[in-house]
Amino acid sequence: MEIKEYTNYNEDEILSLYTSVGWAAYTSDPVALREGYRNSLLILAAYENEELLGLIRVVGDGATIVFIQDILVYPEHQRKGVGSALLAAVLERYAHVRQVELATDNTPKTVAFYRSMGFREFSEIGCTGFMKC
C-alpha cells in the first residue's frame, strides 16, 4: 500500500468511494464536494498499485488547528490497516499542531478506532463541541 497526496480530483472515483460508504449527503451535491476538495488543506489517498483503497481529507490552517473532515475506506478494504495508515500519515505530518480534531458517528466501531489512534472525546479533556446543522 502506498500513501500519497491526492492532487488530481477524479469525480467518478470520489463519488464511487463516498457512495460505497453511504455518505449520500456528499454525493447528492457533487459540486459542493468538488469545491470542498479544492479548498482542503491536505488530501491523502491510499493505493494498491493504481487502485484507490481510501482517503483522508484535512481542513484547517495547518499551524494551530487541523480538522479531519473525511476519512473513508472502501468497505472491502476496511479492517486491513488502510484507515490507520491514512490517519497516522496525517498525525505525523501535523505533529506540531496542538489541536487535531474530528467529528464522527457515535458507534462502537468508530469510537474504538479513534481511541486506538490516540483521540479522546472532548468531555474527557474538559471541553465540549457544538455544530450548527
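Q: What makes a residue a contact of Y94 in this predicted model?
A: Contact means that heavy atoms lie within 4.5 Å. Leaving aside neighbours within four places in sequence, Y94 is in contact with L41, L42, V58, G62, V66 and V100.

Q: Which residues have the most contacts inside the largest nonpolar core?
A: They are I56, V58, I68, L87, V90 and Y94, in a core of 19 residues. Strand 2 (42–48), strand 3 (51–60), strand 4 (65–73) and helix 4 (82–93) each supply at least two residues of this core. A second, separate core of 14 residues includes I14, I43, L52 and L72.

Q: How many aromatic pairs are there?
A: The count comes to eight, with ring centres required to lie within 6.5 Å.

Q: Why is the pair of Y18 and Y37 called edge-to-face?
A: The ring centres of Y18 and Y37 are 6.4 Å apart, and the cut-off for a pair is 6.5 Å. Their planes stand at 70 degrees, and edge-to-face needs over 60, so the pair is edge-to-face.

Q: What does the pair of Y18 and Y37 tie together?
A: Y18 lies in helix 1 (residues 11–20) and Y37 in helix 3 (residues 30–38), so the pair ties together parts that are 19 residues apart in sequence.

Q: How do you know whether Y18 and Y37 are buried or exposed?
A: Buried means under 20% relative accessible area. Y18 has 0% relative accessibility, so Y18 counts as buried. Y37 has a relative accessible area of 5%, so Y37 is buried too.

Q: What makes F113 and Y114 an edge-to-face pair?
A: Their rings are 4.9 Å apart centre to centre, with 70 degrees between the planes. The distance is within 6.5 Å and the angle is over 60 degrees, so the rings pair edge-to-face.

Q: Why is F113 called partly exposed, and why is Y114 called buried?
A: F113 is at 23% relative accessibility, which lies between the 20% and 50% limits, so F113 counts as partly exposed. Y114 is at 10%, which is under 20%, so Y114 counts as buried.

Q: Which residues do ring pairs link into a cluster?
A: The cluster holds Y6, Y9, Y18, W23, Y26 and Y37.

Q: How do you know that the charged end of K4 sits over the ring of Y47?
A: The charged end of K4 is 4.8 Å from the centre of the Y47 ring. The distance limit is 6 Å, and the charge must also be within 35 degrees of the ring normal. K4 is listed as sitting over this ring.

Q: Why do strand 1 and strand 5 count as edges of the sheet?
A: Five strands form an open sheet in the order 1-2-3-4-5, with mixed pairing. Strand 1 (2–5) and strand 5 (99–102) each have a single partner strand, so one side of each is left without a neighbour in the sheet. From one strand to the next, the twist averages 25 degrees.

Q: What makes strand 1 and strand 2 a pair?
A: A pair needs at least two bridges. Four bridges join strand 1 to strand 2, and the two run antiparallel, so they pair. In strand 2, I3 has A46 as its bridge partner, and E5 stands opposite L44.

Q: What makes strand 2 mostly covered?
A: Six of its seven residues are buried.

Key. Residues numbered from 1 in each chain as written. Predicted model: local features only at pLDDT ≥ 70, side-chain atom pairs only at ≥ 80, totals over all residues. Heavy atoms only, no water. Core = buried A, V, L, I, M, F, W, Y, C linked by side-chain atoms within 4.5 Å. Buried < 20%, exposed > 50% of the residue type's maximum accessible area, 1.4 Å probe, protein only. Phe/Tyr/Trp six-rings, centres within 6.5 Å; stacked < 30°, edge-to-face > 60°. Axes fitted to C-alpha atoms, helices over the stretch in contact; angles between N-to-C directions.
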